Amino acid sequence: MFVNVIGAGLAGCECAAVLAKYGFDVKLHEMKPVKRTPAHRSDGFAELVCSNSLRSDKLDNAVGLLKEELRKLNSLIIRCADETRVPAGGALAVDRELFSEAVTDYIKNEKHIEIISGEVTDIPDGPTVIATGPLTDGSMLACIEALLGDSLHFFDAAAPIVTAESIDMSRVFSASRYDRGSDYLNCPMTRLEYFNFIRAITEAETVPLHEFEDKKVFEGCMPVEVMAKRGDLTLAYGPLKPVGFDNCLASDGRKPFAVVQLRKENAEGTLYNIVGFQTNLKFQEQKRVFGMIPGLENAEFMRYGVMHRNSFIQSPKHLTPYYSLRTRPDLFFAGQLTGVEGYVESAASGYAAGLNMARYLMELPQIDFTRKTAIGSLAHYVSEYNGGSFQPMNICYGIMERLDNAPREKFRRFIALSERALTCIDEIIKEYNLK
Ligand SMILES: Cc1cc2nc3c(=O)[nH]c(=O)nc-3n(C[C@H](O)[C@H](O)[C@H](O)COP(=O)(O)OP(=O)(O)OC[C@H]3O[C@@H](n4cnc5c(N)ncnc54)[C@H](O)[C@@H]3O)c2cc1C
């Protein structure tokens, strides 16, 4: 008996590792290096296609809680992220190459996992987990659509990366907001610089994407130029907000009107990404317009921002809270394809799908992590959402079960929710004797 896991991304690797831990043989199918999606660059597994940050690592933040739950559950992805982290204030950012290498090494050395290179073009019979990610394409996309009777389309964008040596360090300052260290480089803008930049970015040429034109852009990964077009001050109140820096001045000697942040991409600090600058501008326009940011006048772009398709299934129609298909209990979906949004969320769904597949095969009851936990809340969100149009979701406290007598103050309420969730995870680990 073996389980097919299709896709060695964040969800697929986590899922395969869990199945292997419970003694199941896994055939992990990965199409790289034979074929790559437009966003995947390397041949390693669990490739981070855009930001190198797995976001907050604090327990007053829902994604920080999700990580802590996964740590308790011995998640492969979080273990490798912890081992390869780079400084990023209160966030868990990683050296993306070392991170992918750590996951790949583990998978390659796991005796229960056989790696099968090549694109899977059909949904196999027998126990299978589909974790082909948001860029699922071609025959696999067609097979999923035929199986579910739905079409899956959607769009998303990625931020550019520049080399550290090309940044004019005399124009930037290093600090994390609110005195949380000095992990970011910050480019302070005067009022005049900001409005010139807004004019340029809103007038710059974008890549013509005819097939995408009528599609909605996901709010959580909106191209910076789309955000800028919403209003002259939208960026100044959003990713460029100049708050949390007490002692910094722009080139006119005044407090900055806006601040662009650059985050380390690798442990050596030789690369930085422009935070919040997912974009669909043409490459030469990115160089011209982003070169107006103080400090980036001569920036050398290691990777330009790009825009991609993001596919997900209508999970509330099709999935149980264990990520299995309602009409075929030995077929599970995991990762971004299920409508969870984000690296950590994808890994979390991979964990839950792997664990429940293992239990299905052992003829044991499935595990409901419940809406008291972050991992369970995601599973319930994707399988039970009953609002308007179903859209991918990052973990947030809003989808978790409310607390009785919750503290009114937000920080204390979030901490209380996290404490309840972690207690619940401990109980589940004990009750089901999880490894
Ligand atoms: C452009 C872009 C930028 C993003 N940026 C961020 C970000 O900055 N932060 C964040 O938290 N999330 C981001 N996301 C969302 C999401 O977190 C990531 O896409 C994440 O990698 C999803 O994990 P996954 O395991 O579902 O898919 P993936 O990590 O994409 O893994 C899927 C794997 O399946 C393989 N595969 C696909 N089809 C087949 C097939 N037919 N046969 C065999 N193998 C196949 C692929 O090669 C890939 O290795 C972004 C998404 C996109 C598209």
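Which residue in strand 11 does Phe173 stand opposite? Phe173 stands opposite Asn186. The model is a predicted one: local features need pLDDT of at least 70, side-chain atom pairs count only at pLDDT 80 or more, and totals for chains, interfaces and linings use all residues. Residue numbers start from 1 along each chain as its sequence is written. Helices (H or I, at least four residues) and strands (E, at least two) are DSSP runs, numbered from the N terminus.

**Strand 11 and its sheet**

- Strand 11 covers residues 184–189, and six of its six residues are buried (20 or more other C-beta atoms within 10 Å of the residue's own, with C-beta atoms placed from the backbone; 12 or fewer is exposed, and in between is partly exposed).
- In a regular strand the side chains alternate between the two faces of the sheet.
- On one side of strand 11 lie Tyr184, Asn186 and Pro188, on the other Leu185, Cys187 and Met189, and all of these are buried.
- Strand 11 pairs with strand 10 (residues 173–174) in the antiparallel sense over two bridges; two strands pair if DSSP finds at least two bridges between them.
- Strand 11 also pairs with strand 12 (residues 258–264), in the antiparallel sense and over six bridges, and here Leu185 stands opposite Leu262.
- The open sheet consists of six strands in the order 10-11-12-13-9-14, with antiparallel pairing.
- Strand 10 and strand 14 (301–303) are at the edges with a single partner strand each, so one side of each has no neighbour in the sheet.

**Ligand shell**

- There are 36 residues around the ligand, and Gly7, Gly9, Cys50, Gly133 and Gly335 come nearest (a residue counts as near if its C-beta atom, placed from the backbone, lies within 6 Å).
- Helix 1 (10–21), strand 2 (25–30), strand 8 (155–158) and helix 11 (343–361) are the elements that give two or more residues to this shell.
- Helix 1 gives the most, with three residues.
- The shell has 16 nonpolar, 16 polar and four charged residues; Ala, Val, Leu, Ile, Met, Phe, Trp, Tyr, Cys and Pro count as nonpolar, Asp, Glu, Lys and Arg as charged, and the others, Gly among them, as polar.

**Helix 2**

- Helix 2 (residues 62–72) has eight of its 11 residues buried, so it is largely enclosed by the rest of the structure.
- Its buried residues include Lys67 and Glu69 as well as Leu65, Leu66 and Leu70.
- The buried residues of helix 2 pack against several elements, among them strand 3 (53–56), helix 3 (76–83) and helix 13 (410–432); a contact has C-beta atoms, placed from the backbone, within 7 Å.
- Asn74, which follows helix 2, has a positive phi near 65 degrees.

**Overall fold**

- The protein has 13 helices and 17 strands.
- Its radius of gyration, 22 Å, is close to the 22 Å of the globule rule for 435 residues, so the protein is as compact as a globular protein of that length; the radius is taken over C-alpha atoms, and the rule is 2.2 Å times the number of residues to the power 0.38.
- Buried residues make up 49% of the 435 residues.
- The domain assignment, which is automatic or from a database, gives domain 1 (2–155 + 309–432) and domain 2 (161–305).
- The centres of domain 1 and domain 2, taken over C-alpha atoms, are separated by 30 Å.

Methods:
Two residues are in contact if their C-beta atoms, placed from the backbone, lie within 7 Å.
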